[in-house]
Structure formats: C-alpha cells, structure tokens
Amino acid sequence: MQSQISLVVDGAERTVEVDHRSTLLDTLRDRLGVTTPKKGCDHGQCGSCTVLLDGRRHLSCLTLAVAQDGAEVTTAAGLDDGDGLHAVQEAFLAQDGLQCGYCTPGQVCSAVGMLEEAKQGNPSHVTDDLVADVELTDEEIRERMSGNLCRCGAYVNIVAAIREAARA
C-alpha cells in the first residue's frame with residue numbers, strides 16, 4: 001500500500017509517494033535524494049541515520065515514513081542558518097571530531113539534540129542531581145551520545161567538540 005506524504009526536509013517542503021513499509025531513512029535517501037543521513041546498521045544500533053524530527057533526535061532507520069506526514073526533518077546539512085555552519089558543526093571542525101566522516105552527520109544531529117535535551121533539564125542515566133541544571137561533564141556527554149558509534153574511534157575529539165559547542 002502507498003500513501004502520499006509531505007515533509008519539510010532541511011527547510012524545504014517535499015511531497016513524496018511512499019510504501020507504508022518504507023523507513024524515513026530510505027525515503028530521504030532513495031526517494032528524495034537527501035543522502036546526509038547514512039545507512040549504517042539499519043537496526044537502530046549505530047546512530048549514523050540520526051536526524052532531528054520536529055526538533056528531537058531520532059533514528060530514521062527505525063521510523064516509518066508514512067507515520068511522519070507533516071513532520072519537519074532536519075539533517076546535518078540543514079542545520080546552518082544561512083550565514084554559516086551551526087555551532088556544533090564548527091566545533092566538530094575545530095576539535096577534529098571526525099575521521100572518515102561517515103558517522104559525522106548522525107553524530108552532529110545527535111549532539112544538537114542532546115544539547116537541547118540537557119538545556120531543557122532532561123536527565124540521563126548518569127545525571128546525579130535530577131533537580132539542578134544538567135552539567136555537561138565528559139561522562140554526561142559520553143552517556144548521552146552512547147547511541148552513536150564511530151568506527152574510527154574519534155570519541156575523544158567528539159566529546160571535546162560537544163563540550164566546546166555547549167559553551168558557545
């Protein structure tokens with residue numbers, strides 16, 4: 001069965017016919033030509049497909065496209081404000097938070113989402129004080145980013161980049 005859906009992808013409204021079994025990742029990549037989110041494991045275990053869905057980080061390989069009709073999807077390519085890169089993207093460059101770059105779009109989107117979650121006071125598994133503002137220690141950043149894997153091992157620089165972006 002197929003349905004026509006509308007999505008706002010990186011600020012542009014897009015309409016597409018999708019099979020009800022198609023994931024948001026496959027729809028973005030194969031039907032809309034948006035290749036920023038990567039297909040890593042296709043099981044929600046690596047984070048390479050992370051996008052912001054209505055402002056919250058989401059694994060697009062586990063999301064049915066048909067269920068997202070009318071949603072706003074932001075990939076790493078859509079984070080800039082028109083005048084330059086997003087603060088997280090700048091920090092990833094400054095801290096050399098990438099090597100091969102395959103996981104980077106998902107890492108960046110996840111970092112943007114997790115910084116917003118922390119700003120809103122949402123605790124993680126390692127948050128000590130559930131009432132106070134979240135302090136983004138390295139342990140807190142690592143826990144919040146644990147769903148995003150980097151096969152190259154750039155974790156130290158990724159954490160440094162997120163720490164820098166959190167200060168900005």
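## Basis

Residues are numbered from 1 along each chain as its sequence is written, and side-chain values use heavy atoms, with hydrogens and water left out. Because the model is predicted, local features need pLDDT of at least 70 and side-chain atom pairs count only at pLDDT 80 or more, while totals for chains, interfaces and linings use all residues.

Helices (H or I, at least four residues) and strands (E, at least two) are DSSP runs, numbered from the N terminus.

Helix α1 spans residues 24–31. Leu24, Leu25, Thr27 and Leu28 in this helix are buried. Buried means under 20% relative accessible area, exposed means over 50%, and partly exposed lies in between (1.4 Å probe, protein chains only). The buried residues of α1 pack against four strands: β1 (2–9), β2 (12–19), β3 (50–53) and β5 (72–74). Contact means heavy atoms within 4.5 Å. Just after α1, Gly33 has a positive phi of about 70°.

Ala65 sits in the loop between β4 and β5. This residue is buried, at 0% relative accessibility. Leaving aside neighbours within four places in sequence, Ala65 is in contact with Ile5, Val18, Ser22, Thr23, Leu24 and Thr27. Leu24 and Thr27 are among the buried residues of α1. Tyr155 is 90 residues from Ala65 along the chain, and the two C-alpha atoms are separated by 31 Å.

Two packed helices are described by the angle between their axes and the distance between the axes. Here, axes are lines fitted to C-alpha atoms, for helices over the stretch in contact, and angles run from 0 to 180 degrees between N-to-C directions. Angles under 35 degrees count as roughly parallel, over 145 as roughly antiparallel, 65 to 115 as roughly perpendicular and the rest as oblique. A crossing is left-handed if the near helix is turned anticlockwise from the far one by less than a right angle, and right-handed if clockwise.

Helix α2 (residues 87–94) and α5 have axes that come within 8 Å and cross at roughly 135°. That angle makes α2 oblique to α5. The crossing is right-handed. On the α2 side, the contact uses Ala87, Val88, Ala91, Phe92 and Ala94; α5 supplies Ile158, Ala161, Ile162, Glu164 and Ala165. By class, the contact of α2 with α5 has nine nonpolar residues, no polar and one charged. Ala, Val, Leu, Ile, Met, Phe, Trp, Tyr, Cys and Pro count as nonpolar, Asp, Glu, Lys and Arg as charged, and the others, Gly among them, as polar.

Helix α3 (residues 104–119) and helix α5 (residues 155–167) have axes that come within 11 Å and cross at roughly 40°. The two helices are therefore oblique to each other. α3 passes α5 in a right-handed crossing. Gln107, Ala111, Met114 and Leu115 of α3 meet Ile158, Ile162, Ala165 and Ala166 of α5. This contact of α3 with α5 has seven nonpolar residues, one polar and no charged.

## Packing of α2 on α3

The axes of α2 and α3 come within 9 Å, crossing at roughly 125°. This pair is therefore oblique, and the crossing is right-handed. From α2, Val88, Gln89 and Phe92 meet Thr104, Gln107, Val108, Ala111, Val112 and Leu115 of α3. The contact of α2 with α3 divides into six nonpolar residues, three polar and no charged.

## Loop residues

Most residues other than glycine have a negative phi, and most peptide bonds are trans. Asp54 has a positive phi near 50°. This residue lies in the loop between β3 and β4 (56–59) and is exposed, with a relative accessible area of 51%. Asp96 has a positive phi near 55°. The loop between α2 and α3 holds Asp96, which is partly exposed at 47% relative accessibility.

Ser146 is found in the loop between α4 (138–144) and α5. Its relative accessible area is 49%, which is partly exposed. Gln99 is 47 residues away along the chain, with 18 Å between the C-alpha atoms of Ser146 and Gln99.

## Cysteines

The whole structure has zero disulfides. A disulfide is a pair of cysteine sulfur atoms within 2.5 Å. For Cys41, the closest cysteine sulfur is in Cys46, at 3.8 Å, too far for a bond. For Cys49, the closest is in Cys61, at 3.7 Å, also too far for a bond. Cys49 is buried, at 4% relative accessibility.
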